[in-house]
Amino acid sequence: MHSLSVAHRAFENDIDALLNLREFFNYIPLNNKDPAPIRECQDPCDRLVPGLDTLVPLESTKAYDMLDVVHAIVDEREFFELMPNYAKNIVIGFARMNGCTVGIVGNQPKVASGCLDINSSVKGARFVRFCDAFNIPIITFVDVPGFLPGTNQEYGGIIRHGAKLLYAFAEATVPKITVITRKAYGGAYDVMSSKHLRGDLNYAWPTAEVAVMGSKGAVQIIFKGKVNKEKAEAHYEETFANPFPVAVRGFVDDIIQPATTRMRICRDLEMLANKKQTNPWKKHGNIPL
């Protein structure tokens with residue numbers, strides 16, 4: 001079932017399944033016209049999370065668990081993950097921020113370095129459209145080095161399937177907040193709820209790297225056979241492997257300390273609570289199915 005992406009969760013017995021189903025229903029509104037459910041929250045909305053300042057490794061090749069980021073930020077560390085055993089390179093699920101239901105989408109660096117592939121793109125796109133259908137704000141955590149290369153992905157139509165995720169984020173009219181934790185490379189960066197897809201608030205941690213590709217690949221293409229590669233890589237990293245160039249161009253709204261992420265998101269959700277945005281009228285969109 002998991003390999004076919006049919007079952008979103010699996011449980012040991014019917015009692016466990018019903019209890020989790022009850023928890024799931026607590027996250028969603030009764031219909032598409034109701035706002036996202038809000039419950040009383042004992043977790044301070046201005047709580048700082050100092051552990052996030054050192055969570056992302058200094059070496060960009062080292063992995064970390066995006067679930068650690070999610071659990072640290074959401075209310076009372078409660079995260080209802082969906083499809084945890086399918087397309088593990090992307091994480092989706094429901095949580096609450098200051099008592100308000102939110103949808104979480106995040107790349108998982110522990111699996112395939114967080115690359116987007118066919119399955120993860122479809123998994124993410126379906127969830128984003130579900131949240132948009134039920135007025136649930138979307139929070140996106142980005143650490144993506146690109147789309148997964150390989151002939152299997154190419155023959156399977158990675159461009160078409162990747163465009164589903166792009167379409168879903170672009171079409172969504174609910175509040176959209178994005179946090180770039182580390183890598184945001186190439187077209188995959190654009191797909192993950194970037195400013196170019198009408199993201200409301202886009203933040204970058206000091207560890208963020210927004211570029212076309214990594215330094216090694218870029219140097220091999222740009223300076224092939226012309227300069228000292230190590231020197232060129234160091235210059236490329238100094239120039240692009242930081243969030244300041246994109247901040248200057250307005251592609252992120254602010255560079256923030258990781259510890260303040262929860263406080264920022266809670267504040268922004270309050271500001272965006274009355275967001276009203278409509279798409280141009282049409283019979284329906286032509287999503288790349």
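Me: Is Met 83 buried or exposed?
Reply: This is a predicted model. Met 83 sits in the loop between strand 1 and strand 2. Its relative accessibility is 5%, and the cut-off for burial is under 20%. Met 83 therefore counts as buried.

Me: What is the phi of Met 83?
Reply: Most residues other than glycine have a negative phi. Met 83 is not a glycine, yet its phi is positive, at about 50 degrees.

Me: Where is Ala 112 found, and what is its relative accessible area?
Reply: Ala 112 is found in the loop between strand 3 and helix 3 (118-133). This residue also has a positive phi, of about 55 degrees, although it is not a glycine. Ala 112 counts as partly exposed because its relative accessible area is 42%.

Me: With which side chain does the side chain of Asp 65 make a polar contact?
Reply: Asp 65 is buried, at 18% relative accessibility. Leaving aside residues up to four places away in sequence, Asp 65 touches Gln 108 and Lys 110. The polar contact, at 2.8 Å, is with the side chain of Gln 108.

Me: How many residues of helix 2 (residues 66-73) are buried?
Reply: The buried residues are Met 66, Leu 67, Val 69, Val 70, Ala 72 and Ile 73. Helix 2 is therefore largely enclosed by the rest of the structure. Of its 8 residues, the number buried is 6.

Me: Which helix do the buried residues of helix 2 pack against?
Reply: These buried residues pack against several strands: strand 1 (80-82), strand 2 (90-97), strand 3 (100-107), strand 4 (138-144) and strand 5 (176-185). They also pack against a helix, namely helix 10 (261-271).

Me: Which backbone oxygen lies 2.6 Å from a polar atom of the side chain of Thr 207?
Reply: Thr 207 lies in the loop between strand 6 (201-204) and strand 7 (209-211). Not counting residues up to four places away in sequence, Thr 207 touches Val 56, Thr 181 and Arg 182. The backbone oxygen in question is that of Thr 181.

Me: What separates the C-alpha atoms of Thr 207 and Pro 258?
Reply: Thr 207 counts as partly exposed, with 29% relative accessibility. Along the chain, Thr 207 and Pro 258 are 51 residues apart. Their C-alpha atoms are separated by 9.4 Å.

Me: At what angle do the axes of helix 7 and helix 8 cross?
Reply: Helix 7 covers residues 215-222 and helix 8 covers residues 229-240, and their axes come within 9 Å. The angle is roughly 120 degrees.

Me: How many charged residues are in the contact of helix 7 with helix 8?
Reply: Helix 7 passes helix 8 in a right-handed crossing. From helix 7, the contact is made by Ser 215, Lys 216, Ala 218, Val 219 and Gln 220, and from helix 8 by Lys 229, Ala 232, Glu 233, Tyr 236 and Glu 237. By class, the contact has 4 nonpolar and 2 polar residues, and the number of charged residues is 4.

Conventions
Residues numbered from 1 in each chain as written. Predicted model: local features only at pLDDT ≥ 70, side-chain atom pairs only at ≥ 80, totals over all residues. Heavy atoms only, no water. Axes fitted to C-alpha atoms, helices over the stretch in contact; angles between N-to-C directions. Helix = DSSP H or I, 4+ residues; strand = E, 2+ residues; numbered from the N terminus. Left-handed = near helix turned anticlockwise from the far one by under 90°. Contact = heavy atoms within 4.5 Å. Nonpolar A, V, L, I, M, F, W, Y, C, P; charged D, E, K, R; others polar. Buried < 20%, exposed > 50% of the residue type's maximum accessible area, 1.4 Å probe, protein only. Polar contact = N/O pair within 3.5 Å; in protein donor to acceptor, adjacent residues only side chain to side chain.
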